[in-house]
Amino acid sequence: MPASNHQMEEGDAAIVQRVRDGEVEAFRLLVERHGRSLYVLAHRMTGNATDAEDIVQEALMKAYRQLDRFESRAEFGTWLHRIGVNCALDHLRNRKVLAQHLSDGEDDTGALADRIPATDPAPDQRLADAQILQRVEGALGTLSAAERAAFVMRHFQELPLCEIAGALGIKENAVKNTIFRAVQKVRRALEPVVGDLR
């Protein structure tokens with residue numbers, strides 16, 4: 001228990017300093033602490049597990065190589081998310097994987113299942129949930145890369161606006177506008193299935 005408490009007490013900035021001081025293995029602590037959320041972000045943005053893994057690897061390598069640029073007064077998680085978002089955006093722009101996944105019939109709706117509360121196990125409810133999931137995934141595909149990133153970070157990762165702004169490198173007002181546009185597109189896509197959305 002005391003060891004885990006010590007690990008919890010040690011902030012990201014202190015771990016970064018250990019890595020800078022030559023304790024390379026300490027970087028693994030940062031990977032363990034932030035790797036999962038980085039993967040979730042990349043996966044939601046690309047819709048593909050393999051692409052997400054590649055993006056996470058690239059983002060972590062860039063973060064490690066650019067560790068001297070990290071300012072200790074900033075949040076390491078936000079800084080790492082920004083690198084991850086940029087890697088994912090580059091990936092989407094260069095390879096146009098989003099268009100490919102939408103056109104080749106692949107869908108990854110299972111990963112979204114935890115977002116729909118399972119209040120009714122009846123078959124007709126499961127069918128409705130599956131339709132909603134397909135619509136959500138389709139709607140995410142209609143968003144611009146920036147809209148998708150902002151929407152994912154806000155509604156799937158539940159990050160505060162200030163962190164999303166930091167990750168995307170834009171002002172909070174711009175984040176609000178981007179999320180608003182994304183929500184409107186998603187709502188329009190879901191209306192035929194779920195009716196009036198708030």
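**Helix packing and the core**

Reader: Which way do α8 and α9 cross, left-handed or right-handed?

Author: The crossing of α8 and α9 is right-handed. Keep in mind that this is a predicted model.

Reader: Ok, and which residues touch there?

Author: From α8 you have Ala146, Ala149, Ala150, Met153 and Arg154, and from α9 Leu161, Ile164, Ala167 and Leu168. By type, 8 of the contact residues are nonpolar, none is polar and 1 is charged.

Reader: What's the angle between those two helices, and how far apart are the axes?

Author: α8 (residues 145-156) and α9 (residues 161-168) pack at about 145°, and their axes are 10 Å apart.

Reader: Switching topic: how many residues are in the largest nonpolar core?

Author: That core has 50 residues, and Phe76, Val85, Phe151, Met153 and Ile164 are the ones with the most contacts inside it. The largest share, 9 residues, comes from α5.

Reader: What does Val85 touch, apart from its neighbours in sequence?

Author: Beyond the neighbours within four places, Val85 is in contact with Leu41, Met45, Ala149, Met153, Ala167 and Leu168.

Reader: What about α3 and α4, how do they sit relative to each other?

Author: Their axes come within 8 Å and cross at roughly 140°, so the two helices are oblique to each other. The crossing of α3 and α4 is right-handed.

Reader: And what kinds of residues make that contact?

Author: The contact of α3 with α4 has 13 nonpolar, 2 polar and 2 charged residues. Among them are Phe27, Val31 and Leu38 of α3, and Asp51, Glu53 and Ile55 of α4.

Methods. Residues are numbered from 1 along each chain as its sequence is written. This is a predicted model: local features need pLDDT of at least 70, side-chain atom pairs count only at pLDDT 80 or more; totals for chains, interfaces and linings use all residues. Side-chain values use heavy atoms; hydrogens and water are left out. Axes are lines fitted to C-alpha atoms, for helices over the stretch in contact, and angles run from 0 to 180 degrees between N-to-C directions. Helices (H or I, at least four residues) and strands (E, at least two) are DSSP runs, numbered from the N terminus. A crossing is left-handed if the near helix is turned anticlockwise from the far one by less than a right angle, and right-handed if clockwise. Contact means heavy atoms within 4.5 Å. Ala, Val, Leu, Ile, Met, Phe, Trp, Tyr, Cys and Pro count as nonpolar, Asp, Glu, Lys and Arg as charged, and the others, Gly among them, as polar. A nonpolar core is a set of buried Ala, Val, Leu, Ile, Met, Phe, Trp, Tyr and Cys residues joined through side-chain atoms within 4.5 Å. Buried means under 20% relative accessible area, exposed over 50%, partly exposed in between (1.4 Å probe, protein chains only). Angles under 35 degrees count as roughly parallel, over 145 as roughly antiparallel, 65 to 115 as roughly perpendicular and the rest as oblique.
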